[in-house]
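Q: I would like to learn how to read the main features of a structure. Could we go through one together?

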Amino acid sequence: MCSWRGCCKLGANPLRNDTQCENCERTGCVENCNQNHAGAPECQIVEQYVCKVTKFSSQYGADKSISYAAGNLIGPPYVFPHHGDSTRTCVFRTYGTWWSVAPSASKQFGRIPAKFCSDDFVEIQFKSAVYPTEIKIFETYNPGAVVKIMACDQLCGTDVDSGQSRWECLWSGAPERFTEHCRVFSPNLKPASFPTNLLRIEFCHQLLHYYTEIDAVQLAGYTIGTIQSFQPYSKTAAPKSPVKDIIHDEAPTNGGYFQKLPGEILFFMLNYLDQLSLSRLSQTCRYLREHTYDSFLWMELNLKPYWHQVNNSTLIHMANRCSMLQKLDISWCSVLSSGLHSLFMATEEHLVCLQLACCDFVTVDTLHLLATYCPNLQELDLQHCLNIEETEFESLGPLPQLLKLNLYSTKICTQSAQNLLKYNPQLEVLNLGCCSKIDQFDGVADHIAQHCRNMRCVDLWRARSLTHTGLFSMINNNTNLEELDLGWCSSVISSSGCFIELLQKCQNLKKLFLTANRTVCDNDLNAIAEYGHNLEQLDILGTAQVREQSAFNVLQSCSRLKFFDVSFCANISCTAVNSWCQEFPHVAIKKSYQPHTIF
Amino acid sequence: MQNQLFLSLSFTLSLSFSLSLSLSLSLSLSLSLSLFHSLSLFLSLSLFHSLFYSFSLSFTLSLSHSNTHTHTFWLNFCVADGVGGWRSYGVDPSTFPCTLMSTCERMVKENKFRPQAPASIITDSYYELLEQKQPLVGSSTACIVALHRQERTIYTANLGDSGFLVIRHDEIVHRSQEQQHYFNTPFQLSVAPPPQQGHVINDSPDMAESSSFGVQEGDIILLGTDGLFDNMNEDMLLDYVSKLKDHKQDNVQNTASKIAEEAHQLAFDPDYLSPFALTAIDAGIELRGGKPDDITVVVARVASLTDNEQRQLV
């Protein structure tokens, strides 16, 4: 009997091989099998491109736009085999370490496994479920960022909480630094034990020189006529949640030699273990369980690396050791508000930092919980939480300690943003990037100016309605700004003198992004050269008004400059950039290019 | 099934060389036929040297007999005409209309549009142009016609001086309205470099004039740029169309080519009192002769699907 496994070499590309199996006459059978095919399950090779992007963590393009958007993964490659910065690919919001060294950055916390380095992910769906044999990722600009490919067993449903969802890692590896311009990345896959049509690809941007761009993803694999008859999924194979207890199990009481150690020494040793190891250790014996449950070991909890295994009961079980919990990251996870509720109750208002990036379960109820149980919160990350409606953000109310608020790519509206600023005048770091529902950014800027005098970092990426009026009021009242991202704020016009005044008044600026402003001119750069003593990162992408001389002035005068993006500046030639790179080796000067494709 | 293209398509491209460098427009033509939301055919032509050309194209628009189709069924075609004045700023005037058309094509292919409102394709595409990292400079007019097969209706949007005619039984039954600010200055979508901002005409894409019109079997839809309408009046166009004895593909294509050639000849006739010259005189400008310009003619005939084609679609 020829099963598809025996018939075809996994990991190889059977589709390039058109040889037909002599017996079964099915193309793609690499090794001819001499067995009888009668009764073999119907096997068929399917090669397919993405039909839907179901989730993503961030994208460069604007909401609803088709340029630089995650949706561009759908369908066959367009740019490939060309390479370059193209609007028709999937591009993420950040790259490299530039965002994590900026003044607004938060440190990663929790004892996470060293291997985990994912910054972004995209979840893609295909038409038919297959046993994957090959995945081709068409990377058309700065390849090398893919670090993990996961497959979802959708037969069991995607609802993590019912314990039915199963994600299996098909491949994982370290990010690579590539010199080549584009490639088709096709790693050797671990065979999956179930057919899948839902993949999740994780990216690590640490080593990237510039944005990575993905043109398309192809999934090749075998379909089985009647999947159930081939390999029914057994529920017993479901992976256990990594941090789930076995309280009711009979564990040995004897701690062995560990019992002879003073508790402090044991605590010191346990402090070196990551979260997963600690949880596993807790299952060995009662003595160690007692010590691994020490709430001082659990002051920081980061569940993001385990997003695919964390469910509601994980949180409920974690609750009894988290009474001292100060920092919690459950980004990317799918749990329920009830799990969060019990965890919040256990933390006894100690929580100061909460990261909830890309959490679909976060709704207005979660915000109510937050307001009730986390009054001491200093840092809150709600980026890309799409299930909070426009006006519901107000339920967050005043959080008197809150310093950092990240609302990147949420649905918050003008009124809510203004009210939040009014309630929280102590805010220092605010990210309102890509908030497309805010239609009057000038009003928001006014509120920042009026209420939040301590504001240090403001991210207004793609704030289309922001004009120089809003910027002026911010400049005049928030002179200690350290970071300002005005990328794609096309209504801020340089001829109003707003950029010059900004540099004169806010001399602490360390990061200034004027991406795609188009009006940035020589005078602005001269002001930067004159006043930007502290400037470390500068982006003036896409302006045709700047000449080489003034850009050179900036490089000469701003001694702390480390990052300078002059891509698509029509008057700055590649030759100039190359010579600057030699002359200023401490500055990463970026000059992107478009692919040579026809329209 | 998706590979079976039942529309027969043929086009001739006649390039006529002229050394007159005075007034030149660049033009990009895109034809996007989207069938079943899955099969699309796209033709794009762009010439950005300073030579005028004439271009003609014809094809068949097939209507659906029955209302039983579950799939919405659309045909779109569109012309965009760049403004040549940008050449003096060192800007290739064809880039803007070409990018506009390729974006429109993408919108259609990816079903990111409401066909009953083709103006929305122009609007969305225009805003999409502003999302490119590479700053884009230029301006363009745009005219789009979308046929809904079951409703047997065309939905159109026009911004600027390109236009279309619907001809039934040798009479013009529906036509687009020309949009001009003043003589020889059509409404246009534009992106100006910052120093010129405020000095360049930039009409909102929402200014596009939209209409819908029910079509019948045998109707001829004629889509052209200002190079056509400035050199030939409606009667002349009707003459050509009325000479069509049957609506065979070859004859339709012949007509389209003839119209384009005739317009091209008239454009260089110094004594011809062209519609362009007549409007010039109305505007108080003494002008004679044709208007040398790029000329694009698209002639489409409306037909019913044959039973065979019908079967293929269901």
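Q: Which strand pairs with S15(B), and in which sense, parallel or antiparallel?
A: Strands of a sheet pair through backbone hydrogen bonds, and the pairing may be parallel or antiparallel. Here strand S14 (residues 220-224) of chain B pairs with S15(B) in the antiparallel sense, over five bridges. One of the partners to look up is Val298(B), which bridges to Leu223(B).

Q: How many residues of strand S6 of chain B are buried?
A: Eleven of the eleven residues of S6(B), which covers residues 138-148, are buried, so the strand is largely enclosed by the rest of the structure.

Q: Where do the bridges of S6(B) with strand S12 and strand S7 of chain B lie?
A: With S12(B), residues 189-191, S6(B) forms three bridges in the antiparallel sense, and Gly138(B) stands opposite Val191(B). With S7(B), residues 153-159, there are seven bridges, also antiparallel, and His148(B) has Thr153(B) as its bridge partner. The hairpin of S6(B) and S7(B) has four residues between the strands, and Arg152(B) takes a positive phi near 55° there.

Q: In what order do the strands of the open sheet in chain A run?
A: The twelve strands follow the order S10-S11-S12-S13-S14-S15-S16-S17-S18-S19-S20-S21, with parallel pairing. S10(A), residues 300-302, and S21(A), residues 588-590, stand at the edges with a single partner strand each, so one side of each has no neighbour in the sheet. From one strand to the next the twist averages 5°. S10(A) is joined to S11(A), residues 327-329, by three bridges, with Glu300(A) partnered by Lys327(A).

Q: Which residues touch the most other members of the largest nonpolar core?
A: In soluble globular proteins, nonpolar side chains tend to be buried together. The largest core here has 118 residues, and Leu328(A), Leu382(A), Leu432(A), Leu484(A), Leu512(A), Phe564(A) and Trp580(A) touch the most other members. Helix H13 (residues 522-531) of chain A gives the largest share, five residues. Setting aside neighbours within four places in sequence, the contacts of Leu328(A) include Phe109(A), Leu301(A) and Leu340(A). A second, separate core has 50 residues, among them Trp98(A) and Tyr211(A).

Q: Is Tyr287(A) buried or exposed?
A: Tyr287(A) is buried, because its relative accessible area is 14%, below the 20% cut-off. The residue lies in helix H5 (residues 286-292) of chain A.

Q: Over which residues of chain A does pLDDT stay under 50?
A: Where pLDDT is low, the predicted coordinates should not be read in detail. The mean for chain A is 85, but pLDDT stays under 50 over residues 1-40 and is below 50 over residues 226-251.

Methods
Residues are numbered from 1 along each chain as its sequence is written. Chains are lettered from A and ligands numbered from 1 in the order in which they are written. This is a predicted model: local features need pLDDT of at least 70, side-chain atom pairs count only at pLDDT 80 or more; totals for chains, interfaces and linings use all residues. Side-chain values use heavy atoms; hydrogens and water are left out. Two strands pair if DSSP finds at least two bridges between them. Helices (H or I, at least four residues) and strands (E, at least two) are DSSP runs, numbered from the N terminus. Axes are lines fitted to C-alpha atoms, for helices over the stretch in contact, and angles run from 0 to 180 degrees between N-to-C directions. A nonpolar core is a set of buried Ala, Val, Leu, Ile, Met, Phe, Trp, Tyr and Cys residues joined through side-chain atoms within 4.5 Å. Buried means under 20% relative accessible area, exposed over 50%, partly exposed in between (1.4 Å probe, protein chains only). Contact means heavy atoms within 4.5 Å. pLDDT is the predictor's confidence in each residue, from 0 to 100.
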